[in-house]
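Look over the sequence and the model first.

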Amino acid sequence: MKAFVMEELGSVGFADKPEPSPGPTDAILRPTKGLVCTSDVHTVHGAIGERENLTLGHEVVGVVEAVGSEVDHFDAGDRVAVGAITPDWGSDAARDGHPSQSGQALGGWKFANVKDGIFAELVHVNEADANLAHIPDGVTDEEAAYVTDMMSTGFMAAENADIPMGGTVAVFAQGPVGLMATKGAALQGAATIFAVETVPERQELAREYGADEVIDFDDVDPVEAIMERTDGDGVDAAIEALGNSVSFEQCVAVTKAGGTISNAGYHGEGEYVNLPREEWGVGMAEKTIATGLCPGGRLRLRRLLRLLDEGRVDPTKMTTHEFPFDEVDEAFRLMETKEDGVIKPLVNFE
């Protein structure tokens, strides 16, 4: 079968690979829609080390092609979504309430990390009963593709931020994860949402998803602006959605004592992420730093799909470009360069 792979560090291309087959608890998925993620770019440039001939991608929906003998909830022909994170649900970490970390730190992240990803004509899914979810009839494949990572990760960022009803929150960066964090904060009842972003198209979407004020970091210092607009108090919570040390420090700086810094960004460069000592209250300001990896699993996906089915969010506003599978290399290049106002490229497999 045809697959789009990381050939080696810094190099991508198409390759022929053997078709996968399911183990007893697994499924094989024939993709219909997929999305390209910036984390794939980080991977190709070495964020998780060397990889060779690794199929890229982790955001996909499609139709079940085959299932293993012990799969109970899914059959060939079912239309399904699979999470970007596919934990081992029998692991100690899963039993301890941290399935995304199954086996080791980030261990639930398998696609395009420790196993082939989704940019292929067929995709292997481990523990199908726990990691797949049926797509409701009223939800399109394009909509459903967003629950696999962007909605799950962005909403996780808002959930981890512990935003009080009527509280204040600053979301640093309005890429796809940041936009969904902004929407998640609005759904959670934040009264004032500051969105920190400089790209006009992303600023506009941030407002559509619930931002009350957009702060352009090219025009003003975001820390000074947020502190001024909160009368020097700071916000109840700040969300880092970029994976950048500077924006992380700014999150710490604008969060009030006793507040929460929620990190959803992928820090793919550098040896350390620093804390601003004074703004951290020299370590004693009771500021909580919460981190998380995209939650996976059937129950999580079902809840997110229900939000789509009820019309509570439209993630397809983030789709700026579409490509056939044969041109996924161009979609990847666009995500790498961030040209042409790209937010999220959709890949059509059919």
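Q: Leaving aside neighbours within four places in sequence, which residues is Asn 131 in contact with?
A: This is a predicted model. Asn 131 lies in helix α3, residues 128-131. Leaving aside neighbours within four places in sequence, its contacts are Ala 81, Val 82, Gly 83, Ile 85, Thr 86, Pro 87, Trp 89, Val 125, Asn 126, Gly 297, Arg 298 and Leu 301.

Q: Is Asn 131 buried or exposed?
A: Buried means under 20% relative accessibility. Asn 131 has 0% relative accessibility, so Asn 131 counts as buried.

Q: Which backbone oxygen does the side chain of Asn 131 reach?
A: Pro 87 is one of the residues in contact with Asn 131. At 3.3 Å, the side chain of Asn 131 reaches the backbone oxygen of Pro 87.

Q: What are the domains of the protein chain?
A: The domain bounds come from an automatic or database assignment. That assignment gives domain 1 (2-149 + 294-348) and domain 2 (152-291).

Q: How many residues of domain 1 are in contact with domain 2?
A: The domain centres, taken over C-alpha atoms, are separated by 27 Å. On the domain 2 side, 17 residues take part in the contact. On the domain 1 side, the count is 24 residues.

Q: Which residues have the most contacts inside the largest nonpolar core?
A: The largest nonpolar core has 46 residues. Inside this core, the residues with the most contacts are Val 147, Met 151, Ile 163, Val 169, Met 180 and Met 318.

Q: Which element gives the most to this core?
A: Elements that give two or more residues to the largest nonpolar core are α4 (141-145), α5 (150-160), β9, α6 (176-187), β10, α7 (200-208), β12 and α10 (298-309). Six residues come from the element that gives the most, α5.

Q: Which domains does this core draw at least three residues from?
A: The largest nonpolar core has 46 residues. At least three residues come from each of domain 1 and domain 2.

Q: Leaving aside neighbours within four places in sequence, which residues is Ile 163 in contact with?
A: Ile 163 is among the residues with the most contacts inside the largest nonpolar core. Leaving aside neighbours within four places in sequence, Ile 163 is in contact with Ala 158, Val 169, Ala 185, Ala 190 and Ala 237.

Q: Which residues of helix α8 are buried, and why do they share a side?
A: Helix α8 spans residues 222-229. The buried residues are Pro 222, Ala 225 and Ile 226.

Q: What covers the buried residues of α8?
A: Pro 222, Ala 225 and Ile 226 are the buried residues of α8. The cover includes β9 (168-172), β10 (192-196), β11 (213-215), β12 (235-240) and α9 (245-254).

Q: Which backbone nitrogen does a side-chain oxygen of Asp 221 reach?
A: Asp 221 is at the start of α8. Its side-chain oxygen comes to within 2.9 Å of the backbone nitrogen of Val 223.

Q: What is the count of disulfides?
A: A disulfide needs two cysteine sulfur atoms within 2.5 Å. For Cys 37, the nearest cysteine sulfur is that of Cys 294, 9.4 Å away. Cys 294 is in no disulfide either. The count is zero.

Q: Is Cys 294 buried or exposed?
A: The cut-off for buried is under 20% relative accessibility. Cys 294 has 4% relative accessibility, so Cys 294 counts as buried.

Q: Where is Glu 286 found?
A: Phi of Glu 286 is near 60 degrees, a positive value in a residue other than glycine. At 67% relative accessibility, Glu 286 counts as exposed. Its place is the loop between β13 (255-263) and β14 (288-291).

How values were computed
Residues numbered from 1 in each chain as written. Predicted model: local features only at pLDDT ≥ 70, side-chain atom pairs only at ≥ 80, totals over all residues. Heavy atoms only, no water. Buried < 20%, exposed > 50% of the residue type's maximum accessible area, 1.4 Å probe, protein only. Helix = DSSP H or I, 4+ residues; strand = E, 2+ residues; numbered from the N terminus. Contact = heavy atoms within 4.5 Å. Polar contact = N/O pair within 3.5 Å; in protein donor to acceptor, adjacent residues only side chain to side chain. Core = buried A, V, L, I, M, F, W, Y, C linked by side-chain atoms within 4.5 Å.
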